[in-house]
Amino acid sequence: MSNIALNRLQRECKEVVTNSEISETGIMIEILNENLTEIRGHIRGPPDTPYAGGSFDLDIKIPDQYPFSPPNVKFATKIWHPNVSSQTGVICLDILKDQWAASLTLRTVLLSIQALMCTPEPKDPQDAVVAKQYMDKPQVFKSTAEFWTLKFAKGSVPVNVDYQSRVDKLKDMGVREEEAISVLSCNNWDLNRATVYIFS
Amino acid sequence: MEQRDSEEPGSRSSEDTDDPQNMSNESDSSEPQEVSSREREPHPGVMLESNTRLNITVKKLHVCGEWKWLQGGEDTCGICRMEFESACNICKFPGDDCPLVVGTCRHAFHRHCIEKWIAAPSNQPRAQCPLCRQDWQVAD
């Protein structure tokens with residue numbers, strides 16, 4: 001890693017760690033290796049969203065040209081959101097691509113992602129299936145996102161018994177829980193269609 | 001910072017409170033320069049005029065300087081996050097090799113930092129200010 005990247009990252013890490021606002025906004029970073037190329041970010045799910053109460057981890061990779069190129073950020077925790085791939089965690093956010101600016105920092109990036117969790121952009125989706133559900137069946141989207149938050153992000157909303165029973169039925173058929181949740185979510189929780197999808 | 005030695009060590013604190021007065025005395029008589037230029041030789045010291053019963057002799061004097069870029073204000077460079085007066089991450093020392101550059105949007109950066117940002121591939125074909133996204137142009 002170049003000197004400039006390392007120097008700036010050290011200052012940024014200090015900024016995030018010492019900033020008292022962090023305890024209020026719920027963003028945090030954790031350094032994974034000494035040369036600061038890999039960083040783990042944490043975002044607390046914003047209140048009044050389906051992600052409330054969840055704790056979301058992000059993988060951050062710092063390119064050599066940082067801060068002149070954006071960091072590579074994706075969700076490590078599975079999340080049901082129109083602008084995040086439900087399969088890979090890849091995020092669709094302009095400032096992580098062509099709208100990056102050298103004045104942005106890890107802190108502002110994490111705050112932007114947190115803001116994206118509050119206001120999805122279904123017209124510029126990363127996951128078309130999620131985006132379609134968000135627009136066509138907002139109630140199903142909300143309960144699905146809540147279910148994912150509970151299952152994958154240690155969320156605190158009570159479990160949706162109806163959804164859980166369908167997941168259990170697929171599990172009884174030998175399907176892994178994660179796959180069961182994913183396929184049911186993509187099929188608007190239609191157990192028959194999910195079964196056909198998995199076994200055909 | 002200045003240090004003064006007194007013939008009466010017990011009365012130092014009262015000397016300190018006299019500081020402003022003493023300092024103006026010094027600059028009037030331009031004695032400090034003489035003292036510092038001869039710093040290496042043993043010097044008997046300079047007796048200060050005094051209206052009190054204290055006899056103050058300046059034996060040693062440390063002079064400190066401070067500099068600032070005129071355009072920058074109290075801010076830090078938005079690219080490297082260092083103070084404007086410290087070296088950017090490319091330079092070892094701050095100074096004229098890497099002065100502040102101010103854009104037409106009034107945002108200032110270290111020269112090396114903004115040059116690198118303008119050359120960044122993600123910033124083509126037209127460079128924008130990293131802070132306000134207006135087209136970057138150096139102010140006259």
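# A guided tour of chains A and B

Start by selecting Asp127(A), which you will find in the loop between H3 and helix H4 (128-136) of chain A. Helices (H or I, at least four residues) and strands (E, at least two) are DSSP runs, numbered from the N terminus. Before going on, note that this is a predicted model, in which local features need pLDDT of at least 70 and side-chain atom pairs count only at pLDDT 80 or more, while totals for chains, interfaces and linings use all residues. Residues are numbered from 1 along each chain as its sequence is written, chains are lettered from A and ligands numbered from 1 in the order in which they are written, and side-chain values use heavy atoms, with hydrogens and water left out.

## Stop 1: around Asp127(A)

Is Asp127(A) buried or exposed? With a relative accessible area of 9%, Asp127(A) is buried. Here, buried means under 20% relative accessible area, exposed means over 50%, and partly exposed is in between (1.4 Å probe, protein chains only).

Now show the residues that Asp127(A) touches: leaving out those up to four places away in sequence, they are His81(A), Pro82(A), Val84(A), Ser85(A), Ser86(A) and Gln87(A). A contact means heavy atoms within 4.5 Å. Zoom in on Ser86(A), whose side chain is joined to that of Asp127(A) by a polar contact of 2.7 Å. A polar contact is a pair of N or O atoms within 3.5 Å; within protein, one must be able to donate a hydrogen and the other to accept it, and residues adjacent in sequence count only if both atoms are side-chain atoms.

## Stop 2: Asn83(A)

Next, select Asn83(A), in the loop between S4 and H3 of chain A. Asn83(A) counts as buried, at 1% relative accessibility. Which backbone nitrogen lies 2.7 Å from a polar atom of the Asn83(A) side chain? That nitrogen belongs to Glu121(A). Not counting residues up to four places away in sequence, Asn83(A) touches several others, including Val90(A), Leu116(A) and Pro125(A).

## Stop 3: helix H8 of chain A

Move on to helix H8 (residues 191-199) of chain A and colour Leu191(A), Ala194(A) and Thr195(A), which are buried. They are on the same side of H8(A), because they cover an arc of only 100 degrees around the axis. (The arc is that of the directions from the helix axis to the C-beta atoms.) The buried residues of H8(A) pack against helix H6 (161-172) and helix H7 (177-186) of chain A. On the face turned away from the buried side, look for the exposed residues Asn192(A), Val196(A) and Tyr197(A). Finally, at the start of H8(A), find the side-chain oxygen of Asp190(A) that reaches to within 3.0 Å of the backbone nitrogen of Asn192(A).

## Stop 4: aromatic rings

Over all chains, the structure holds 11 aromatic pairs. Rings of Phe, Tyr and Trp (its six-membered ring) pair if their centres lie within 6.5 Å; planes under 30 degrees apart count as stacked, over 60 as edge-to-face and the rest as tilted.

Select Tyr66(A) and Trp100(A): their ring centres are 6.0 Å apart and their planes are at 40 degrees, so this pair is tilted. Tyr66(A) lies in the loop between strand S3 (55-61) and strand S4 (72-75) of chain A, and Trp100(A) in the loop between S4 and helix H3 (106-118), so the pair ties together parts that are 34 residues apart in sequence. Tyr66(A) counts as buried at 0% relative accessibility, and Trp100(A) is buried at 3%.

Now jump to Trp67(B) and Trp69(B), whose ring centres are 5.3 Å apart with planes at 90 degrees, so the pair is edge-to-face. Trp67(B) is partly exposed, at 42%, whereas Trp69(B) counts as buried, at 14%.

## Stop 5

Leu100(B) has its place in strand S4 (residues 100-102) of chain B and counts as buried, at 7% relative accessibility.

Zoom out to see four helices and five strands in chain B. To finish, show both chains: the contact takes 16 residues from chain B and 17 residues from chain A.
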